[in-house]
Amino acid sequence: MEANEHRILIVDDEENVLKALKRAFAEDGYTVDTYTSPKDALAFLAGQRVSAIISDFMMPEMNGLEFLLQAAEVIPDSVRIILTGHANLEMAIKAINSGAVYGYLTKPWDNDHIRVFLKNALKKYELEKENKRLNNLLKERNEQLKDMNQNLEKKVKEQTRFITNQFNQLKVTFMETVKAFSRTVELRNPEIGAHMGRVASISKAIAENMGIKGEDLQDIVVAAWLHDIGKIGLPDVIIEKQEKRLTDEESGLLREHSTLGEVCLKAIPGFKNVSTIVRHHHERYDGGGWPDSLYERHIPLGSRIIYAADVFDKRVYSLGYGHPEQVGKAWEYIKAHSGKFFDPDVVAALSVIQKSWEKSVKRLDIPKKVVLDKLKSGVVLAEDLKTKSGLLLLPKGVKLNELHIIRIINFHNANAIKGWVLVLEQVKQ
Ligand SMILES: [Fe+2]
Ligand SMILES: [Fe+2]
């Protein structure tokens with residue numbers, strides 16, 4: 001701030017003093033206002049930008065200290081100086097200590113001294129003003145920063161919520177796609193399709209019991225849903241025949257289903273582990289399995305889990321549909337072959353869940369008659385569904401989906417089958 005930008009107010013009841021001071025300061029280019037009455041000076045101050053106020057102490061209307069205190073209320077930023085005789089020095093020092101005034105000048109004065117004194121006082125005024133401006137700026141910037149941070153936090157939260165929702169949606173869509181893919185096998189052979197769905201449930205329960213989580217768990221469940229998908233490529237005569245009745249040549253062909261499954265899945269991005277698990281789902285713990293005769297920990301854990309779940313399910317459903325007695329027998333078989341065919345850790349995990357599995361299978365053993373209009377997907381056929389001419393439409397044990405139901409109703413509309421079917425309650429999967 002240039003000197004001539006400063007406005008100075010001087011109050012003294014003696015005109016001569018005012019004139020002399022005005023002259024002394026005028027050389028420095030300040031704008032100087034003078035008043036003999038402190039009351040008039042206060043009235044003048046309202047709305048003015050005054051940098052420094054110099055006041056005499058001994059005045060008839062009010063003393064200089066009283067005047068400066070009132071002036072400070074009107075213009076708090078101004079520097080205040082008291083002009084006093086030696087007799088009142090003690091009071092002036094007290095006023096400085098209280099913070100009410102910046103300093104004092106004594107009468108009579110030396111012009112050079114008071115000009116330097118005022119210059120210093122104005123420097124303090126400028127510094128304080130600049131300091132205040134910077135503080136306000138800092139405060140303003142802090143507020144802006146706080147607002148920006150809050151907005152950023154809000155935006156990050158919104159984005160995170162959006163991405164999480166999309167991710168969860170994608171996960172659901174992914175699993176539903178895998179299940180739909182698995183169910184297409186039912187069109188070729190309903191029993192294989194139903195078996196893969198149940199093996200997925202058992203494998204998931206075993207894996208969770210073993211503490212497997214995240215992507216590893218997902219790979220195992222997906223592999224279980226698809227583990228026999230390679231059977232689509234085999235001739236009907238092989239997939240419809242009981243395994244023990246197959247010729248050596250037919251058995252050899254059946255064994256190809258795990259490698260066919262691997263070939264079918266490994267081209268899908270992200271399915272490397274899934275396809276490997278599928279390849280080895282018939283390896284035995286003692287190395288007597290196929291296709292690579294892997295043993296113990298060399299067999300992927302997911303394959304060890306699916307193999308136990310697969311054999312367990314085949315034994316439970318050996319009659320065509322689940323029966324509680326079969327659960328006990330299946331479990332005894334698995335237990336007896338722990339460490340030979342099956343990984344003992346997997347068997348231990350299966351022992352925990354097989355009891356609850358027995359309960360869910362128990363719910364299957366009461367067939368009930370349902371008219372075709374009331375047929376819902378998820379129920380299991382309790383008997384072979386044949387046309388009136390004896391053609392097998394769907395074998396017992398098939399879990400009905402919407403496609404099956406449309407097909408059944410179409411056959412009924414063509415008067416080819418009766419208007420009801422025997423079904424079993426749905427297995428919880
Ligand atoms: Fe298999
Ligand atoms: Fe299987």
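## Strand β10 and its partners

In β10, W420 is the bridge partner of V371. This is a predicted model. The pairing of β6 with β10 is antiparallel and rests on four bridges.

On β7, the pairing with β10 (residues 420-424) is also antiparallel, over two bridges. V380 stands opposite L424 of β10. L381 stands opposite V423 of β10.

## The three-stranded sheet

Together these strands form an open sheet of three, in the order β6-β10-β7, with antiparallel pairing. β6 (368-371) and β7 (380-381) are the edge strands. Each has a single partner strand, so one side of each lacks a neighbour in the sheet.

Strands of a sheet pair through backbone hydrogen bonds, in either a parallel or an antiparallel sense.

## Domain layout

The chain is divided into three parts: domain 1 covers 3-133, domain 2 covers 189-365, and domain 3 covers 366-429. How far apart are the centres of domain 1 and domain 2? Taken over C-alpha atoms, the separation is 99 Å.

## Helices α5 and α6

Two packed helices are described by the angle and the distance between their axes. For α5 (residues 111-188) and α6 (residues 190-209), the angle is about 150°. Their axes lie 5 Å apart. Angles over 145 degrees count as roughly antiparallel. α5 and α6 are therefore roughly antiparallel to each other.

Which residues make this contact? From α5 come S182, R183, V185 and E186. From α6 come P190, I192, G193, A194, M196 and G197. By class, the contact of α5 with α6 has five nonpolar, three polar and two charged residues.

Helix α10 spans residues 272-279. Its buried residues are V274, S275, I277, V278 and R279. Here, buried means that 20 or more other C-beta atoms lie within 10 Å of the residue's own.

What do the buried residues of α10 pack against? Their partners are the helices α7 (214-226), α9 (248-266) and α11 (301-316). An α-helix has 3.6 residues a turn, so residues three or four places apart point the same way.

Terms used
Residues are numbered from 1 along each chain as its sequence is written. Chains are lettered from A and ligands numbered from 1 in the order in which they are written. This is a predicted model: local features need pLDDT of at least 70, side-chain atom pairs count only at pLDDT 80 or more; totals for chains, interfaces and linings use all residues. A residue is buried if 20 or more other C-beta atoms lie within 10 Å of its own, exposed if 12 or fewer, and partly exposed in between; C-beta atoms are placed from the backbone. Two residues are in contact if their C-beta atoms, placed from the backbone, lie within 7 Å. Two strands pair if DSSP finds at least two bridges between them. Domain bounds come from an automatic or database domain assignment. Axes are lines fitted to C-alpha atoms, for helices over the stretch in contact, and angles run from 0 to 180 degrees between N-to-C directions. Angles under 35 degrees count as roughly parallel, over 145 as roughly antiparallel, 65 to 115 as roughly perpendicular and the rest as oblique. Ala, Val, Leu, Ile, Met, Phe, Trp, Tyr, Cys and Pro count as nonpolar, Asp, Glu, Lys and Arg as charged, and the others, Gly among them, as polar.
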